[in-house]
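Here is a friendly briefing to read with the structure open beside you.

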Amino acid sequence: MTSHDVTLEWPDGRTRTVEVDENETILEAAECDGSVLPYGCRTGACGTCSGRLLEVEGTRPPNSERAGDGDADVCAVDDAVAYRRLPRALKDRHRAAGYVLLCIASPRADCRIEVGSSVHSELVDNPWK
Amino acid sequence: MSDASTPGDVEPSHDHEHHHEGPGYATPQAAIEEGEREELAYVMGLYVGTDVDAPDFVSVVDLDPDSDTYCEIVDRIELPNRGDELHHFGWNACSSSCHMDGLERRHLIVPGQRSSRIHVIDAQDRRNPELETVIEPEEVFEYDLSAPHTVHCIPDGEILISMLGDADGELPGGFLELNEDFEIEGRWEPPGEIEMNYDYWYQPRQNVMVSSEWAAPKTYYPGFDLEDVEEGNYGQRLHFWDWEAGTVEQTIDLGEEGLIPLEVRFLHTPESTHGFVGAALSSNIFHFWRDESAADGDGEYRAEKVIDFESREHDDWDMPVPALPTDILISMDDRYLFGSNWLHGEVWMYDISDPSNPRRADSLSVGGTFGEVQEVQGRELAAGPQMIQLSLDGERLYWTTSLFSSWDDQFYPEESERGSVMLKADVDPRKGTMELDEDFLVDWGECPAGPARAHEIRWPDGDCTSDVWQ
């Protein structure tokens with residue numbers, strides 16, 4: 001089975017590289033590795049497990065803009081991961097900005113992903129503020 | 001009086017004899033008179049969505065002012081998995097089964113909102129409840145349902161749970177029924193009766209159930225997005241069901257003034273067809289009732305906006321801040337409607353002696369965006385009042401501050417760093433006044449694994465948001 005190196009990067013500077021088979025999700029591999037990642041539904045509906053692609057080996061990086069704006073640039077995400085189910089919690093603008101649901105995503109390339117609960121909180125802003 | 005010691009008294013009630021041999025109280029008035037002061041509270045505690053490596057938990061909070069551990073979390077029932085988002089919960093039996101000899105209000109049904117996992121906790125030992133059974137998400141998904149929310153017992157020992165989505169987190173939602181052995185009995189209603197779902201309440205003597213609408217789980221799980229409002233992805237309808245048949249008899253579209261109708265409450269009096277629902281996004285409260293003269297004498301339900309909370313300007317916000325009334329409840333004597341305006345930072349009480357014309361009795365400005373009180377005992381309040389619970393005698397109102405983890409992160413991001421608190425107001429039902437009890441503070445910011453959020457509150461022996469009478 002083909003596997004890929006997925007490097008998880010936390011906001012506090014910690015990093016961890018996990019070898020992930022193409023038939024397992026990044027969340028499952030991280031759990032086996034003892035890494036603590038946030039998650040909720042494990043079906044791609046809630047977005048709690050959101051990570052953000054920082055780099056995909058062999059491709060240009062996804063749009064560096066955070067959720068909301070930016071050119072459609074889902075190609076990097078599609079190069080990096082395959083989904084078991086539809087990533088329902090992510091809107092087009094989230095996917096364009098490189099957000100990935102780690103509970104249903106399996107790697108198709110070596111990549112670096114920003115992880116931790118703060119990534120999920122980037123998906124939506126306070127609309128009144 | 002605890003259920004365990006409730007005598008088998010017999011109280012004639014209206015046109016039928018009401019044999020009280022089971023759990024709860026024979027009537028709402030009996031709950032007021034016979035219920036003892038709450039000494040413990042069960043409160044949802046949660047870590048979902050944070051980096052804290054711990055599962056959500058049920059908190060046991062000491063509310064006995066004479067206790068050495070008053071205002072402390074004296075026990076935490078940790079659940080087996082992370083990621084649940086404990087939210088709302090309920091008892092296996094309540095006063096609706098007070099005629100059922102042998103049935104006890106003993107088991108707490110505790111769903112995970114995000115995980116769709118359903119826990120059953122044995123609370124026979126009120127201070128040391130224990131996890132008994134877990135229904136795993138895959139068992140729930142088999143019925144094409146997810147996102148369990150409101151738990152009510154059905155008279156005679158079965159349990160009904162409102163489910164907000166299908167197995168994929170899309171619409172439609174529905175209702176899941178558990179049997180008295182806490183096994184999935186199946187879907188309660190014929191699938192397809194409704195699209196959106198949220199809270200519900202039933203009046204068996206009127207053969208009616210009312211349900212409200214939030215949105216598809218995939219819509220509200222990640223957070224609140226105005227784009228979803230524009231696309232019509234949030235609910236604005238009330239559904240009135242035939243309780244026996246499990247079918248929708250009437251749907252009322254509340255319109256734009258009724259956006260996101262959340263908590264829905266019938267009056268406690270079992271004869272009543274009056275109730276209230278809070279429309280969170282529109283910051284309105286609607287009164288609903290059955291108009292017997294409507295529909296050529298067949299009768300139908302009506303709904304009318306009766307309370308409107310104005311948005312307020314704030315220097316740090318680009319647009320006027322909506323009140324966001326997220327929880328309401330009715331006092332056991334049906335005299336007052338209480339509620340919380342989470343964004344503004346306010347708890348309020350309205351006299352609903354005439355339910356068509358609620359009269360503002362009192363309010364407290366505490367926490368939130370505008371609260372006059374922003375700290376208690378030196379503890380900064382990270383968010384506004386949210387889930388509320390009232391003592392059976394109507395003299396003590398308690399509340400917690402977390403709404404939903406992803407929505408908290410949007411509107412009160414500091415809640416994840418500081419954790420939630422539980423606060424209390426002393427209520428004078430005779431004068432219609434509230435006073436903040438500054439000696440009372442329960443702090444989830446000091447939990448051993450890290451700051452936790454706190455959500456719904458339940459009393460061990462029945463409360464104003466779960467007991468129903470047949």
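In this predicted model, strand E3 (residues 40-46) of chain B pairs with strand E4 (residues 57-62) of chain B in the antiparallel sense, over six bridges. E3(B) also pairs with strand E33 (residues 453-458) of chain B, again antiparallel, through four bridges. Strands of a sheet pair through backbone hydrogen bonds, either parallel or antiparallel.

- Seven of the seven residues of E3(B) are buried, so the strand is largely enclosed by the rest of the structure.
- One side of E3(B) carries B:Leu40, B:Tyr42, B:Met44 and B:Leu46, the other B:Ala41, B:Val43 and B:Gly45; both faces are covered, and these residues are all buried.

**A four-stranded sheet in chain B**

- An open sheet in chain B is built from four strands in the order E18-E19-E20-E21, with antiparallel pairing.
- Its edge strands are E18 (261-266) and E21 (300-308), each of which pairs on one side only.
- On average, and ignoring direction, neighbouring strands of this sheet are turned by 25° against each other.
- Within the sheet, strand E19 (residues 275-279) and strand E20 (residues 284-291) of chain B run antiparallel and are joined by five bridges.
- If you want a landmark there, B:Gly278 stands opposite B:Ile285 in E20(B).

**Cysteines**

- How many disulfides are there over all chains? The count comes to zero.
- A disulfide is a covalent bond between the sulfur atoms of two cysteines.
- B:Cys71 is in no disulfide either: the nearest cysteine sulfur belongs to B:Cys447 and is 14 Å away.
- B:Cys71 also counts as buried, at 12% relative accessibility.

**Aromatic rings and the charges over them**

- Over all chains, the structure holds 32 aromatic pairs.
- One of them is B:Trp214 with B:Tyr220, a stacked pair with 3.7 Å centre to centre and 10° between the planes.
- Are B:Trp214 and B:Tyr220 buried or exposed? Both are buried.
- Ring pairs also link B:Trp214 and B:Tyr220 into a cluster whose members include A:Trp128, B:Tyr198, B:Tyr221, B:Phe224 and B:Trp342.
- Which residue lies over the face of B:Phe370? B:Arg312 does, at 4.2 Å from the ring centre.
- Likewise, the charged end of B:Arg458 sits over the ring of B:Phe89, 5.8 Å from its centre.

**A loop residue to look up**

- B:Glu180 lies in the loop between strand E12 (174-178) and strand E13 (184-187) of chain B.
- Leaving aside neighbours within four places in sequence, B:Glu180 is in contact with B:Asp156, B:Gly157 and B:Glu158.
- B:Glu180 and B:Ala93 are 87 residues apart along the chain, and their C-alpha atoms are separated by 9.5 Å.

Notes:
Residues are numbered from 1 along each chain as its sequence is written. Chains are lettered from A and ligands numbered from 1 in the order in which they are written. This is a predicted model: local features need pLDDT of at least 70, side-chain atom pairs count only at pLDDT 80 or more; totals for chains, interfaces and linings use all residues. Side-chain values use heavy atoms; hydrogens and water are left out. A disulfide is a pair of cysteine sulfur atoms within 2.5 Å. Buried means under 20% relative accessible area, exposed over 50%, partly exposed in between (1.4 Å probe, protein chains only). Helices (H or I, at least four residues) and strands (E, at least two) are DSSP runs, numbered from the N terminus. Two strands pair if DSSP finds at least two bridges between them. Rings of Phe, Tyr and Trp (its six-membered ring) pair if their centres lie within 6.5 Å; planes under 30 degrees apart count as stacked, over 60 as edge-to-face and the rest as tilted. A charge sits over a ring if NZ of Lys or CZ of Arg is within 6 Å of the ring centre and within 35 degrees of the ring normal. Axes are lines fitted to C-alpha atoms, for helices over the stretch in contact, and angles run from 0 to 180 degrees between N-to-C directions. Contact means heavy atoms within 4.5 Å.
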